[in-house]
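Thanks, everyone, for making the time. I would like to go through two features of one model, taking the definitions along with the findings.

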Amino acid sequence: MTAGLQRRSRARVDETVARIPGHAGYVTEHLASFYNKEAVRYLGVLLEYAGSFFTLGATYRGSYGAVTRTPGADSTGCWEAASGLGRCYVPYPYDFQTREYTSAFGLHGALRWRRLELRTEWIRAINADRLGGTTLPEAYVMPYDFRERRLTGKTRLSYLAPTGFWGALEFNLEDRNVRGPRQAGTINLPFRRNFPDQVVPFNRRFTLLLGYRRPALELTVGVSYDQDGDLYSGWGIPSQWRSKPARFDGGFFRLQLTWP
């Protein structure tokens with residue numbers, strides 16, 4: 001078990017936003033003052049029982065982070081900081097807060113019989129990411145309140161050998177249920193406008209792995225068969241959208257060498 005708590009911290013920041021040269025080498029710095037308030041918490045728990053032929057376990061992982069940024073009280077005023085250097089406060093343009101948290105519960109297990117091994121892991125998570133305030137940074141289009149329930153799973157059946165050939169068949173799944181207000185037929189449209197490539201309904205694929213192992217060498221090749229029916233292909237440089245669902249959309253090759 002591991003846990004952590006960071007007490008709320010408050011820091012004042014004077015950010016230099018411009019340096020304006022003047023006569024005879026004189027420079028005036030423009031400072032924007034703001035306050036940052038931050039808080040962080042996390043918790044992790046692992047319970048596991050290992051037997052001769054099987055392993056069973058459960059996990060929990062939770063995290064929370066918050067940042068609040070507000071303009072400083074000094075919005076105007078100039079003074080002589082040093083010979084040839086002046087400083088002036090200018091209004092800080094942003095006033096916002098963000099909150100992120102994750103709560104995830106998982107189950108995992110393994111079963112071994114001779115050279116066969118079955119491993120599985122499933123995680124159910126609740127994720128949230130919220131951004132709001134009177135004035136947002138320019139990088140964000142609009143405030144959002146993103147919430148989702150995510151199910152992630154992986155199951156692998158392997159034939160293992162100390163040396164020689166080995167193989168495995170793996171199934172990977174990620175289902176995402178995005179929640180929040182529906183606008184123009186789209187759930188949580190503000191978040192999708194800020195992060196257009198971050199949300200897909202689900203990912204499902206089978207991966208076949210074949211390998212050859214020696215004491216100082218291991219070679220692995222694999223190919224994935226896509227089950228989610230999307231139109232995005234991993235083949236080619238660059239990857240691209242296709243006119244029909246991409247099935248064999250991923251492959252890899254790995255060579256590992258070890259020596260004393």
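This is a predicted model: local features need pLDDT of at least 70, side-chain atom pairs count only at pLDDT 80 or more; totals for chains, interfaces and linings use all residues.

Residues are numbered from 1 along each chain as its sequence is written, and side-chain values use heavy atoms, with hydrogens and water left out.

A search of the whole structure finds one disulfide, the term meaning a pair of cysteine sulfur atoms within 2.5 Å. The bond joins Cys-78 to Cys-88, with an S to S distance of 2.0 Å, and because the torsion about the S-S bond is about 115°, this disulfide is right-handed. Cys-78 lies in strand E4 (residues 78–82) and Cys-88 in strand E5 (residues 85–90), so the pair ties together parts that are ten residues apart in sequence; strands here are DSSP runs of E, at least two residues, numbered from the N terminus.

Are the two cysteines buried or exposed? Cys-78 counts as exposed, at 58% relative accessibility, whereas Cys-88 is buried at 12%, where buried means under 20% relative accessible area, exposed over 50%, and partly exposed in between (1.4 Å probe, protein chains only).

Now the surface: Arg-8, Arg-10, Lys-37 and Arg-41 form a positive patch, and the elements giving two or more residues to this patch are strand E1 (2–21) and strand E2 (27–50). A patch takes residues with over 30% relative accessible area and no salt bridge, like charges being joined within 9 Å and nonpolar side chains (Val, Leu, Ile, Met, Phe, Trp, Tyr) within 5 Å; a salt bridge is a side-chain nitrogen of Lys or Arg within 4 Å of a carboxyl oxygen of Asp or Glu. Lys-37, placed in strand E2, counts as partly exposed, because its relative accessibility is 39%.

Note on methods: Accessible areas come from the Shrake-Rupley method with a 1.4 Å probe; for residues, only the protein chains shown count as cover. Lys and Arg count as positive and Asp and Glu as negative; His and the chain ends are not counted. The place of a charge is taken as NZ of Lys, CZ of Arg, CG of Asp or CD of Glu. Helices (H or I, at least four residues) and strands (E, at least two) are DSSP runs, numbered from the N terminus.
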